[in-house]
Amino acid sequence: MTESKENIRTYLISVGREIVESKGMEYLTARKLSEASGCSVGTIYNQFSNMDNLVAAINLQTLKRLYDKMAQVKPDRSAYKNLNTYLDIFVSFVLQNSNLWFLLYNYHLNASKQPQGYRAMIIRMMQLWQPSFDAVYTHLNARKKKVARQVLWLSLFAMSSFLTTTIINDFRMVNKKNLCKLLLNTYLAGLAVLKRG
């Protein structure tokens with residue numbers, strides 16, 4: 001019985017994911033994917049047109065998995081606590097999936113166009129944080145809140161790339177788990193100071 005196109009596509013995404021998880025993004029080539037999956041290189045290109053489309057599919061799956069973890073948070077009364085809980089999930093996810101996150105981060109920086117659903121997933125993730133952020137900064141108008149949230153997300157996203165490398169290991173006083181937490185809480189405190197100023 002012939003496998004459906006969707007089943008082959010799902011299978012190739014899964015095998016591609018496994019390659020990245022176990023060996024790193026540099027091992028994700030059409031030839032290596034063909035060897036690992038048993039599918040021909042022609043089948044791979046029939047499914048994805050090019051390897052960038054496969055990477056985009058893997059990255060979208062990675063974002064969905066992170067979103068699903070964050071969406072399970074039961075909000076606390078403390079907005080600060082909620083924001084730190086979301087951050088803990090984010091950092092733990094990046095550390096536990098460092099090769100996949102490195103793939104996502106590099107693709108995000110180099111892609112000329114984001115795949116369908118990719119931007120929507122990032123927006124959905126930011127919306128999880130929004131009620132807690134807005135509860136902390138009731139003094140900001142809607143536009144300023146949006147800008148502040150976006151700056152925070154971009155800063156954390158940029159910082160997350162360092163979590164996937166050994167660069168931070170040279171800084172013995174810096175703990176990977178606390179690095180983003182320090183950034184988040186310093187940023188929140190800074191906005192509070194600006195409010196008083």
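Reply: Phe162 has its place in helix 8, which covers residues 142–163. Helices here are DSSP runs of H or I with at least four residues, strands are runs of E with at least two, and numbering starts at the N terminus. This is a predicted model: local features need pLDDT of at least 70, side-chain atom pairs count at pLDDT 80 or more, and totals for chains, interfaces and linings use all residues. Residues are numbered from 1 along each chain as its sequence is written, and side-chain values use heavy atoms, leaving out hydrogens and water.

Phe162 is partly exposed, at 38% relative accessible area. The scale runs from buried (under 20%) through partly exposed to exposed (over 50%), with a 1.4 Å probe and protein chains only. Phe162 belongs to a nonpolar surface patch with Ile167, Phe171 and Val174. Together the four have about 360 Å² of accessible area. Areas come from the Shrake-Rupley method with a 1.4 Å probe. A nonpolar patch joins side chains within 5 Å, from residues with over 30% relative accessible area and no salt bridge.

A salt bridge needs a Lys or Arg side-chain nitrogen within 4 Å of an Asp or Glu carboxyl oxygen.

The whole structure has four. One of them joins Asp88 and Lys181, at 3.1 Å from N to O. This pair links distant parts of the chain: Asp88 sits in helix 5 (residues 79–96), and Lys181 sits in helix 9 (residues 176–196). They are 93 residues apart. Asp88 is partly exposed, at 35% relative accessible area. Lys181 is also partly exposed, at 25%.

Another salt bridge pairs Arg31 with Glu35, with the closest N and O atoms 2.8 Å apart. Both residues lie in helix 2 (residues 30–37), four residues apart, and are therefore separated by about one helical turn. Glu35 counts as exposed, at 55% relative accessibility. Glu35 and Lys181 are 146 residues apart along the chain, and their C-alpha atoms are separated by 41 Å.

Ala30 lies in helix 2 too. Ala30 is buried, with a relative accessible area of 10%. Leaving aside residues up to four places away in sequence, Ala30 touches Val41, Ile44, Tyr45 and Met51. Contact here means heavy atoms within 4.5 Å. From Ala30 to Ile44 is 14 residues in sequence, and 7.1 Å in space from C-alpha to C-alpha.

Next, the helix packing. Two packed helices are described by the angle between their axes and the distance between the axes. Helix 1 and helix 2 pack at about 110°, with axes 10 Å apart. That makes the two roughly perpendicular. On the helix 1 side, the contact involves Tyr11, Leu12, Val15, Gly16 and Ile19. Helix 2 contributes Lys32, Leu33, Ala36 and Ser37.

Helix 1 (residues 5–23) also packs with helix 4 (residues 51–71), at about 75° and with axes 10 Å apart. This pair is therefore roughly perpendicular as well. Axes are lines fitted to C-alpha atoms, for helices over the stretch in contact, and angles run from 0 to 180 degrees between N-to-C directions. Under 35 degrees is roughly parallel, over 145 roughly antiparallel, 65 to 115 roughly perpendicular, and the rest oblique. From helix 1, Arg9, Leu12, Ile13, Gly16 and Arg17 take part. From helix 4 come Leu54, Ala57, Ile58, Gln61, Thr62 and Arg65.

Last, the whole chain. The protein chain has nine helices and zero strands. Its C-alpha trace spans about 65 × 40 × 30 Å along the principal axes. Of its 197 residues, 43% count as buried. Among contacts with a separation of 6 or more, 69% join residues 24 or more positions apart. Accessible surface comes to about 11600 Å², and 52% of that belongs to carbon and sulfur atoms.

Note on methods
Patches are made of residues with over 30% relative accessible area and no salt bridge: like charges are joined within 9 Å, nonpolar side chains (Val, Leu, Ile, Met, Phe, Trp, Tyr) within 5 Å.
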